[in-house]
Amino acid sequence: MNDLHPDIRAYGDHAVLVEWGADGFDADISDRVHALAARLRKKKAFIEVMPGYDSLVASFDGAQMNAASARRRIKDAIVREARSETAVDGRLVEIPVSYGGADGPDLYAMADRIGKSPEAVLALHTGRDYRVCMMGFIPGFAFLSDVDPLLQHPRHATPRAVVPAGSVGIANWQTGIYGLESPGGWQIIGRTDVAMFDADRDRPFYVEAGDRIRFVAQ
């Protein structure tokens with residue numbers, strides 16, 4: 001398995017898993033995942049295409065396609081993708097964030113641990129754009145690309161019972177945004193008032209996999 005030849009295998013009766021495999025966040029593999037996702041969506045042969053950090057699941061209608069055909073279509077798309085120089089770049093979405101205080105209860109402790117001021121932590125977190133690598137584990141939760149190495153912190157050993165919707169957190173090398181109120185163990189450094197998920201909106205999810213996010217301190 002390598003960048004051009006990921007592992008492709010059945011994922012249940014009506015889906016195929018494409019897996020590159022990465023130790024942590026790999027920007028090149030993430031580019032390949034989202035380029036393949038864009039190509040498969042454009043072909044409209046699959047019911048749903050769900051990218052992850054280093055893998056992708058494509059589900060299909062068993063009445064229209066079998067697993068072998070699905071794998072062939074994906075292999076063909078990977079070959080075509082390798083021959084293409086087309087860059088995949090989703091929307092750039094700015095997310096206003098209130099850092100620290102009640103909105104970011106872990107910001108000051110994180111600053112103390114790395115020997116920086118809270119303002120420096122804020123500057124590091126807002127100092128780069130992030131890709132939305134995948135969505136889940138609750139509606140609207142955006143799993144984003146890697147933070148600055150200084151900001152990489154593990155989850156809390158004991159998760160909080162309640163993390164408010166819109167909370168912005170860090171877990172190891174990931175950063176992310178809680179779409180709804182839920183339990184959670186991420187290090188919470190801020191919160192946005194943007195509704196990441198609203199079932200009553202025409203477009204319930206505020207961002208989607210492949211978009212880029214720029215955090216803006218408010």
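User: Is Phe197 buried or partly exposed?

Analyst: This is a predicted model. In it, Phe197 has 22% relative accessibility, so Phe197 counts as partly exposed; the cut-off for buried is under 20%.

User: And what about Phe205, buried or partly exposed?

Analyst: Phe205 is at 38% relative accessibility and therefore counts as partly exposed.

User: How many aromatic pairs does the structure hold?

Analyst: The structure holds 11 aromatic pairs. One of them joins Tyr53 and Trp173, with ring centres 5.0 Å apart and planes at 75°, so that pair is edge-to-face.

User: Why does that count as edge-to-face?

Analyst: Because the planes of Tyr53 and Trp173 stand at 75°, and the class takes angles over 60 degrees.

User: Where do Tyr53 and Trp173 lie?

Analyst: Tyr53 lies in the loop between β3 (48–51) and β4 (55–59), and Trp173 in the loop between β9 (167–171) and β10 (174–177). The pair therefore ties together parts that are 120 residues apart in sequence.

User: Is Tyr53 buried or exposed?

Analyst: Tyr53 counts as buried, at 12% relative accessibility. Trp173 is at 22% and counts as partly exposed.

User: Back to Phe197 and Phe205: what is the geometry of that aromatic pair?

Analyst: The pair of Phe197 and Phe205 is tilted, with 50° between the planes and 5.1 Å centre to centre.

User: Which residues form the aromatic cluster?

Analyst: One aromatic cluster is made up of Phe137, Phe141, Phe143, Tyr178 and Trp186.

User: New topic. Where is Asp211 found?

Analyst: Asp211 sits in the loop between β12 (187–191) and β13 (212–217). Its relative accessible area is 3%, so Asp211 is buried.

User: Which side chain does the side chain of Asp211 make a polar contact with?

Analyst: That of Arg91; the polar contact between the two side chains is 2.5 Å.

User: Which residues does Asp211 touch?

Analyst: Leaving out residues up to four places away in sequence, Asp211 touches Gly90, Arg91, Val93, Tyr130, Arg131 and Val132.

User: What is in the turn between β1 and β2?

Analyst: The two strands form a hairpin with 4 residues between them. Gly12 is in the turn, with a positive phi of about 85°.

How values were computed:
Residues numbered from 1 in each chain as written. Predicted model: local features only at pLDDT ≥ 70, side-chain atom pairs only at ≥ 80, totals over all residues. Heavy atoms only, no water. Phe/Tyr/Trp six-rings, centres within 6.5 Å; stacked < 30°, edge-to-face > 60°. Buried < 20%, exposed > 50% of the residue type's maximum accessible area, 1.4 Å probe, protein only. Polar contact = N/O pair within 3.5 Å; in protein donor to acceptor, adjacent residues only side chain to side chain. Contact = heavy atoms within 4.5 Å. Pairing = 2+ DSSP bridges.
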